[in-house]
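Thank you for making time this morning. I would like to walk you through one structure, slowly, and I ask you to keep the picture in view while I talk.

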Amino acid sequence: LMQPVVVAGQENVEEDELRPVALNINEIEPNNTKETAQSFATIGAANPINAELDSASDQDWFKFTAEAGQMYVVETFNAAGAINTNQRSLQLKVFDSDSTKIAEDIGDWPSGSANVNSTVAFKATNGGIYYIQIYHYTWGNRGPYSIRVLPKYDKTGSIWDENEESN
């Protein structure tokens, strides 16, 4: 028997229907190198970082702690028109703690669906810190975007809908 749970903004919602409320986490500059990468304190759909490519040569670096054997999805989304001049995608690369590139989405066109601009899925072969590099296809456009790290579909902490789209 499900009991209603009262959560701000989710009154009278059954417990199994609750969705986390997204936190408003903003990018902290400088984060233009692996050494100055901004940490994801918590990963998941409710914990994106709102970022911005604010100069022609800007690149953003982020990092998170991964568990060995766990599947992850990294997505950029809500990419503004300023970033998507001619609908070009953001470039997304993931590196392990040894700086080995393990995944990338560096195509010309957005690879996600809905509002997802670029996306990669990978299995963390080792536990530890993983790094994410974001830059624009043409190294010249500017504008805001959001980025999130998700446990792969049906893993603890993930929130996906019936179409396997992250929420």
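Let me begin with strand 7 and strand 10, which run antiparallel and are joined by seven bridges. Before I go on, please keep in mind that this is a predicted model, in which local features need pLDDT of at least 70 and side-chain atom pairs count only at pLDDT 80 or more, while totals for chains, interfaces and linings use all residues. Residues are numbered from 1 along each chain as its sequence is written, and side-chain values use heavy atoms, with hydrogens and water left out.

When I say strand, I mean a DSSP run of E with at least two residues, numbered from the N terminus, and two strands pair if DSSP finds at least two bridges between them. Strand 7, residues 71-77, is mostly covered, since six of its seven residues are buried, where buried means under 20% relative accessible area, exposed means over 50%, and partly exposed lies in between, using a 1.4 Å probe and protein chains only.

Stepping back, these strands belong to an open sheet of five, in the order 3-5-12-7-10, with mixed pairing. Strand 3 (25-26) and strand 10 (116-123) stand at the edges with a single partner strand each, so one side of each is left without a neighbour in the sheet.

Strand 3 pairs with strand 5, residues 49-53, in the parallel sense over two bridges; isoleucine 25 stands opposite isoleucine 49, and asparagine 26 opposite asparagine 50. Strand 5 also pairs with strand 12, residues 143-151, in the antiparallel sense over five bridges, and here the bridge partner of asparagine 50 is serine 146.

Now, how many salt bridges does the structure hold? There are two, a salt bridge being a side-chain nitrogen of Lys or Arg within 4 Å of a carboxyl oxygen of Asp or Glu. In one of them, arginine 148 meets glutamate 75, with the closest N and O atoms 2.6 Å apart. Arginine 148 lies in strand 12 and glutamate 75 in strand 7, so this pair ties together parts that are 73 residues apart in sequence, and both residues are buried. Glutamate 104 forms a salt bridge with lysine 101 at 3.1 Å between the closest N and O atoms; glutamate 104 is partly exposed at 36% relative accessibility, and lysine 101 is partly exposed at 41%.

There is also an open sheet of five strands in the order 4-6-11-8-9, again with mixed pairing, whose edge strands, strand 4 (38-39) and strand 9 (101-105), each pair on one side only. Strand 6, residues 60-66, and strand 11, residues 128-136, pair in the antiparallel sense over seven bridges, and tryptophan 61 has glutamine 133 as its bridge partner in strand 11.

Finally, which residues does the side chain of glutamine 59 contact? Glutamine 59 lies in the loop between strand 5 and strand 6 and is buried, with a relative accessible area of 19%. Its side chain makes a polar contact with that of tryptophan 61 at 3.1 Å, and a polar contact of 2.5 Å joins the side chains of glutamine 59 and glutamine 133. By polar contact I mean a pair of N or O atoms within 3.5 Å, where, within protein, one must be able to donate a hydrogen and the other to accept it, and residues adjacent in sequence count only if both atoms are side-chain atoms.

Notes
Helices (H or I, at least four residues) and strands (E, at least two) are DSSP runs, numbered from the N terminus.
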